[in-house]
Amino acid sequence: MWQVYTGSRTPHDRVDRLPAPPPWRRFRGGPPLPTPPGGTGNHHAAVSYRPGADAVRQVNAALYLRRPLLVTGAPGTGKSSLAYAVAHELALGKVLHWPITSRVTLRDGLYAYDPLTRLYAAERARGDGAAAGATGAAADDIGDYLRLGPLGTALLPYARPRVLLIDEIDKSDIDLPNDLLTIFEKGSYELVELARRAEPTARVMTADSTTDRVEIRDGTVTCRAFPLVVMTSNGEREFPPAFLRRCVTVDLKQPRTIDELTAIVREHLGEVVGDGTGQLPQGARDVIQRFYDRRGGGLLANDQLLNAIYMCHHASFSEPPESVAELADQVMPYLSSEATGPDDA
């Protein structure tokens, strides 16, 4: 089987069978770092997500080509969950999460440097040395004041790719996608404050704190296995062609049938509302049908359905059926007038 990621949700080591990258996507950072121990950081999302065939194919394309994956789709279609599902199945460790706002810059994703804390520490060291009658202060460790961001950590020379979730990139400043292009093409970046030093080597903190500090040599980080970069977008803006042609894209669709919606609910809430037989109670099936019927009148998200079923399940113990049905509608308000029924998905 050529596919490394299958959507099976069963962890395996098939990522080690990836062929060498294309010649134009080879990076030689080192020495190689092991995958951090532990889970993905969101176990429920990792094991409950059900990818479609298109998503599976495009994830594999991104892995083979060492290219970022741009994931679009309506709210609640599982764009972010896809990153956790891949990290879980391929045993790639904790997902590095970089949420985007209009104020975020490329530097925020790469690393942070705290010069004020370093200055205060140096002043305290000089004061303590003078009080003790010392003739000189010990040199400070710049690594204490450098911390890699999610993107900066993902580009460390890991032997296996890390998974980086860049969430809602369509909310970014207009320059960020183009700024990312340079980083994605080079697979490296410079820590300016470290590179300027006579000794441009230091042990710095990472974004996820799942490992000890890592050593940065010559003030530069270069990846070894290009990370699986999952960028989500709600379609609030268009991206420049130069950015799009360097990405693998996939558009996640809303479930088209009652059976698909039922399968999603069973994965997320089967243990909560189920009867132990794998079947959903009639009340849950009624809410699913109500959600399905209402989709023709406006935009609804799958997580609204999950919220409604969870609330109605507990309310049904003491409320009459008509009150429970009203509660379901209140928990599932339209997000916009855009229809998302089966004909629109």
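The legends below describe close-up views of a predicted model.

Residues are numbered from 1 along each chain as its sequence is written, and side-chain values use heavy atoms, with hydrogens and water left out. Because the model is predicted, local features need pLDDT of at least 70 and side-chain atom pairs count only at pLDDT 80 or more, while totals for chains, interfaces and linings use all residues.

**View A. Phe 27, Phe 184 and Phe 226 form a cluster linked by ring pairs.** Rings of Phe, Tyr and Trp (for Trp, its six-membered ring) are paired if their centres lie within 6.5 Å, and planes under 30 degrees apart count as stacked, over 60 as edge-to-face and the rest as tilted. By this rule the structure has four aromatic pairs.

**View B. Arg 162 and Tyr 158 are shown with the charged end of the arginine over the ring.** The distance from that charged end to the ring centre of Tyr 158 is 5.0 Å; a charge sits over a ring if NZ of Lys or CZ of Arg is within 6 Å of the ring centre and within 35 degrees of the ring normal. Arg 294 likewise lies over the face of Tyr 334, at 4.6 Å from the ring centre.

**View C. Cys 247 is in no disulfide.** With a disulfide taken as a pair of cysteine sulfur atoms within 2.5 Å, the structure holds zero disulfides, and for Cys 247 the nearest cysteine sulfur, that of Cys 223, is 15 Å away. Cys 247 counts as buried because its relative accessibility is 12%, where buried means under 20% relative accessible area, exposed over 50% and partly exposed in between (1.4 Å probe, protein chains only). Cys 312 also counts as buried, at 6% relative accessibility.

**View D. Helix 12 (residues 302-315) packs with helix 13 (residues 321-331).** Helices (H or I, at least four residues) and strands (E, at least two) are DSSP runs, numbered from the N terminus. The angle between helix 12 and helix 13 is about 155°, with their axes 9 Å apart; axes are lines fitted to C-alpha atoms, for helices over the stretch in contact, and angles run from 0 to 180 degrees between N-to-C directions. Helix 12 is therefore roughly antiparallel to helix 13, since angles under 35 degrees count as roughly parallel, over 145 as roughly antiparallel, 65 to 115 as roughly perpendicular and the rest as oblique.

**View E. Tyr 292 is found in helix 11 (residues 282-294).** At 22% relative accessibility, Tyr 292 counts as partly exposed.
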